[in-house]
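Dear colleague,

Please find below the structure that I am handing over to you. My findings follow directly after it.

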Amino acid sequence: MSETYAVNVDDVSKSFGSFKALNGVTLRVRQGEIYGLLGPNGAGKTTLIRAICGLVEANDGSVTVLGQRMPNVAVLRHIGYMTQQAALYPGLSVEENVAFFAAINSAEAGVKAALELVHLYDRRKSVVSTLSGGMRQRCSLACALVHRPDLLLLDEPTVGIDPQLRVQFWDYFRQMAADGTTLIVSSHVMDEADRCQRLGLIQYGRLLAEGSPADIRAQGGSPNLEEAFLNLAGRRES
Ligand SMILES: Nc1ncnc2c1ncn2[C@@H]1O[C@H](COP(=O)(O)OP(=O)(O)OP(=O)(O)O)[C@@H](O)[C@H]1O
Ligand SMILES: [Mg+2]
């Protein structure tokens, strides 16, 4: 039998009015893989992530997650989604926020571990509106992974997070992937991109290049990933 994929995006297009935010995107992500989505502002990364978890319904093409055609509410408990804009309850404490997301998925037992992971256990009683921006980001991550999802969608997860903690996050992402979790991570940070097993470069709603960081360097003709990416992006415009 052919290999099964945790995520299978097949020729997906999505328009908002007359604007095509996704234009025939095809990509496949294996179980346990860390797949990075790169691309300029407005390229369609968030729209693609939303299509993968079923919050956006494709006009054309299909999205299959864990063997199920999306959108599918039953699959949602297997997905963790850290949105680009924090979706927390500002009037509740850190612990209450994480416990809320845990309760939706009957995963109350995971609250302490999730808080410890993001180094917020000591701040668990703090009301979210009183946290720093980076702490809020960390709280969002704890909410996204408290139920130990099979697929973790992270939309720019480390914006505002200090370098030490970013490294720790990535250690943990790798550990999760080694344990079988599939991760899709959007980022503008090249050292993060370099930590992904495969990258997809998105521009104008299309996948314009795909491959390992080494492949992307080769395709873009530069040992510097950022330069390779810019070369690839520039090629399409000319
Ligand atoms: N609900 C919506 N209604 C109308 N247009 C939308 C909607 N959602 C996204 N778009 C448009 O689709 C395009 C892609 O947006 P998207 O948020 O996917 O980009 P992105 O790659 O995530 O960008 P960024 O790096 O800034 O987060 C943008 O032009 C955006 O304005
Ligand atoms: Mg986005």
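This is a predicted model, in which local features need pLDDT of at least 70 and side-chain atom pairs count only at pLDDT 80 or more, while totals for chains, interfaces and linings use all residues. Residues are numbered from 1 along each chain as its sequence is written, and chains are lettered from A and ligands numbered from 1 in the order in which they are written.

I begin with the ligand. By class, the shell of ligand 1 holds 3 nonpolar, 7 polar and 1 charged residues. Here Ala, Val, Leu, Ile, Met, Phe, Trp, Tyr, Cys and Pro count as nonpolar, Asp, Glu, Lys and Arg as charged, and the others, Gly among them, as polar. The residues in question are Phe16, Ala21, Gly39, Asn41, Gly42, Ala43, Gly44, Lys45, Thr46, Thr47 and Gln84; a residue belongs to such a shell if its C-beta atom, placed from the backbone, lies within 6 Å of the molecule.

Helix 1 (residues 45-53) gives the most to this shell, namely 3 residues. Helices (H or I, at least four residues) and strands (E, at least two) are DSSP runs, numbered from the N terminus. Helix 1 is largely enclosed by the rest of the structure, because 9 of its 9 residues are buried. A residue is called buried if 20 or more other C-beta atoms lie within 10 Å of its own, exposed if 12 or fewer, and partly exposed in between, with C-beta atoms placed from the backbone. Among the buried residues of helix 1 are Lys45, Thr46 and Thr47. Just after helix 1, Gly54 adopts a positive phi of about 90°.

An open sheet is formed by 4 strands in the order 2-1-4-5, with antiparallel pairing. Its edge strands are strand 2 (19-29) and strand 5 (68-69), each of which pairs on one side only. Two strands are said to pair if DSSP finds at least two bridges between them. Strand 1 (residues 7-16) is joined to strand 2 by 7 bridges in the antiparallel sense, and Val9 stands opposite Leu27 of strand 2.

Strand 9 (residues 198-203) is mostly covered, with 5 of its 6 residues buried. Strand 9 pairs with strand 3 (residues 34-38) in the parallel sense over 4 bridges, where Leu38 faces Leu201 of strand 9. Strand 9 also runs antiparallel to strand 10 (residues 206-211), to which 5 bridges join it; the bridge partner of Gly200 in strand 10 is Glu210. The hairpin of strand 9 and strand 10 has 2 residues between the strands, and in this hairpin Tyr204 takes a positive phi near 45°.

Strand 6 (residues 79-82) directs Ile79 and Tyr81 one way and Gly80 and Met82 the other way, and all are buried. Strand 6 pairs in the parallel sense with strand 7 (residues 151-155) over 4 bridges, and Leu151 of strand 7 is the bridge partner of Ile79.

As to helix packing, the axes of helix 2 (residues 94-104) and helix 4 (residues 133-145) come within 8 Å and cross at roughly 25°. Axes are lines fitted to C-alpha atoms, for helices over the stretch in contact, and angles run from 0 to 180 degrees between N-to-C directions. Helix 2 and helix 4 are therefore roughly parallel to each other, a term that applies to angles under 35 degrees.

Lys125 lies in the loop between helix 3 (111-117) and helix 4, and is exposed because 9 other C-beta atoms lie within 10 Å. The C-alpha atoms of Lys125 and Glu95 are separated by 6.3 Å, the two residues being 30 apart along the chain.

Met70 and Pro71 are joined by a cis peptide bond with omega about 0°, and Pro71 is found in the loop between strand 5 and strand 6. Leu66, in the loop between strand 4 (60-65) and strand 5, has a positive phi of about 50° although it is not a glycine. With 19 other C-beta atoms within 10 Å, Leu66 is partly exposed. Arg148, in the loop between helix 4 and strand 7, likewise is a residue other than glycine with a positive phi, near 50°. Arg148 counts as partly exposed, with 16 C-beta neighbours inside 10 Å.

Yours sincerely

How values were computed
Parallel < 35°, antiparallel > 145°, perpendicular 65-115°, else oblique.
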